[in-house]
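Work through the following exercises with the sequence and the model beside you, and try each task before you read its solution.

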Amino acid sequence: MARKPESRLQLRIQKAIREKYPRAYVRKIHGSEFASGGMGDLAICIDGFFLACEVKMPGEEPSALQIADGKEVSRAGGYWFTAESVQEALYEIDQA
């Protein structure tokens, strides 16, 4: 079965993060009935700093539940962001 465009983008972002930050922890968060709603697509930790990335196709917006989860990440001292491209994801990480 072919991967959806967002899944392909998530894989490209993961690969780019691992190439730029070889020691980074990067994991895809799979949604299921057992997962908390709104969690970002990617959990990332670089040099002890936690980031959550919500991957969106161009023109798509995060849901209210995703934004609420992002606020919880920020409140806990992490960095939450959305990315529509590999370049945007790497830029957000560099700015964090």
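**Exercise 1.** In which handedness of crossing does H1 pass H3?

The model is predicted, so local features need pLDDT of at least 70 and side-chain atom pairs count only at pLDDT 80 or more, while totals for chains, interfaces and linings use all residues. Residues are numbered from 1 along each chain as its sequence is written, and side-chain values use heavy atoms, with hydrogens and water left out.

Step 1. Find helix H1 at residues 5-20 and helix H3 at residues 86-95; helices are DSSP runs of H or I with at least four residues, strands are E runs of at least two, and both are numbered from the N terminus.

Step 2. The two helices pack at an angle of about 45°, with their axes 9 Å apart, and they are therefore oblique to each other (angles under 35 degrees count as roughly parallel, over 145 as roughly antiparallel, 65 to 115 as roughly perpendicular and the rest as oblique).

Step 3. The crossing of H1 with H3 is right-handed, meaning that the near helix is turned clockwise from the far one by less than a right angle.

**Exercise 2.** Is Lys56 buried or exposed?

Step 1. Locate Lys56 in the loop between strand E3 (49-55) and helix H2 (64-75).

Step 2. With a relative accessible area of 10%, Lys56 is buried (buried means under 20% relative accessible area, exposed over 50%, partly exposed in between, with a 1.4 Å probe and protein chains only).

Step 3. Beyond its neighbours within four places in sequence, Lys56 is in contact (heavy atoms within 4.5 Å) with residues including Glu6, Leu9 and Glu84.

Note on methods: Axes fitted to C-alpha atoms, helices over the stretch in contact; angles between N-to-C directions.
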